[in-house]
Amino acid sequence: MLTVHHLRISQSERIVWLCEELGLDYELKLYSRREDNRLAPDEYKALHPMGIAPVIEDDGLVLGESGAIIEYIVAKYGDGRLVPSIDSPDFADHLFWFHFANGTFMTNGMMAIAAMQAGASELPPFVADRTAKAWAMVEQRLGEAPYFGGAELTTADIMMGFQLTTSRAFNDMTIGHLPNLQAYLKRIGERPAYQRAMAKAEPGMPPKLD
């Protein structure tokens with residue numbers, strides 16, 4: 001059986017959402033962050049050499065990395081769902097946003113966290129510039145199409161979702177100036193699979209959709 005190890009308030013929520021969108025039979029194991037440093041507990045770190053979320057197990061396989069896990073699950077269990085076909089007009093956009101999520105968007109956030117922890121009073125100019133450009137691209141894209149992957153929800157949306165929602169709990173960023181993103185998150189929040197996923201992954205914590 002597929003087992004999803006979810007570290008609470010982390011990007012492993014993506015994998016729970018994916019499994020719910022696909023209607024998979026899976027086992028979910030929840031792990032709470034440590035009280036002293038808010039990092040993963042030792043039992044989670046022991047799951048994979050990197051010691052970070054997400055991690056899955058499937059028929060003896062242990063796999064980390066959000067993108068790799070999502071591609072693995074979709075290839076093995078997806079039956080062609082949540083990924084546009086190569087001849088679809090949405091295929092290239094889907095690929096871009098799927099990889100942009102961690103390759104650029106999440107990286108911007110991590111650079112900002114590193115700068116603040118190093119004692120910076122404000123973001124370094126190149127980090128601020130990259131961050132502003134990324135959020136502007138998000139708003140523009142969601143004015144062009146209902147989903148990052150195009151006309152339908154794809155795994156690009158599942159990859160992008162964490163940074164747009166739960167991740168903002170770490171910095172209290174508001175999105176009142178981003179109407180396209182607000183409308184998008186309303187659509188996401190109305191999806192039964194997303195509702196089920198967040199209720200399972202973050203019990204007692206309302207999704208950060210506004």
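These legends describe close-up views of a predicted model.

**View 1. Helix H6 is enclosed by the rest of the structure.** H6 covers residues 155–164. Ten of its ten residues are buried, so the helix is largely enclosed.

**View 2. Helices H3 and H6 pack against each other.** H3 spans residues 66–77. The two axes lie 11 Å apart, at an angle of about 150°. Angles over 145 degrees count as roughly antiparallel. H3 and H6 are therefore roughly antiparallel. Their crossing is right-handed. On the H3 side, the contact uses Ser66, Gly67, Ile70 and Val74. On the H6 side, Thr155, Ile158 and Met159 take part. By class, this contact has four nonpolar and three polar residues, with no charged ones.

**View 3. Helix H5 crosses helix H7.** H5 runs over residues 125–144, and H7 over residues 179–189. Their axes come within 8 Å and cross at roughly 65°. The crossing is left-handed. H5 brings Trp135, Val138, Glu139, Leu142 and Gly143 to the contact. H7 brings Pro179, Asn180, Leu181 and Tyr184. Sorted by class, the contact has six nonpolar residues, two polar and one charged.

**View 4. Helix H1 is buried along residues 13–22.** Ten of the ten residues in H1 are buried, so the rest of the structure largely encloses this helix. Among them are the charged residues Glu13, Arg14, Glu20 and Glu21. Ile15, Val16, Trp17, Leu18, Cys19 and Leu22 are also buried. Just after the helix comes Gly23, with a positive phi of about 65°.

**View 5. Ser12 sits in the loop between strand E1 and helix H1.** Strand E1 covers 2–7. Ser12 has a relative accessible area of 0%, so it counts as buried. Its side chain makes a polar contact with the side chain of Ser10, at 2.8 Å. Beyond its neighbours within four places in sequence, Ser12 touches His5, His6, Leu7, Tyr44, Ala53 and Pro54.

**View 6. A cis peptide bond joins Ala53 and Pro54.** Omega at this bond is about 5°. Pro54 belongs to the loop between helix H2 (42–45) and strand E3 (55–58). Both Ala53 and Pro54 are in contact with Ser12.

**View 7. Lys29 lies in strand E2.** The strand covers residues 26–31. Lys29 is partly exposed, with a relative accessible area of 35%. Setting aside neighbours within four places in sequence, Lys29 contacts Thr3, Val4, His5 and His6. Arg8 is 21 residues away along the chain, and its C-alpha atom is 10 Å from that of Lys29.

**View 8. Asp79 and Leu82 have positive phi values.** Neither residue is a glycine. Asp79 has phi near 50°, and Leu82 has phi of about 70°. Asp79 lies in the loop between H3 and helix H4 (91–117). Leu82 is found in the loop between H3 and H4 too. Asp79 is exposed, at 72% relative accessibility. Leu82 is buried, with a relative accessible area of 14%.

Key
Residues numbered from 1 in each chain as written. Predicted model: local features only at pLDDT ≥ 70, side-chain atom pairs only at ≥ 80, totals over all residues. Heavy atoms only, no water. Buried < 20%, exposed > 50% of the residue type's maximum accessible area, 1.4 Å probe, protein only. Helix = DSSP H or I, 4+ residues; strand = E, 2+ residues; numbered from the N terminus. Axes fitted to C-alpha atoms, helices over the stretch in contact; angles between N-to-C directions. Left-handed = near helix turned anticlockwise from the far one by under 90°. Contact = heavy atoms within 4.5 Å. Parallel < 35°, antiparallel > 145°, perpendicular 65-115°, else oblique. Polar contact = N/O pair within 3.5 Å; in protein donor to acceptor, adjacent residues only side chain to side chain.
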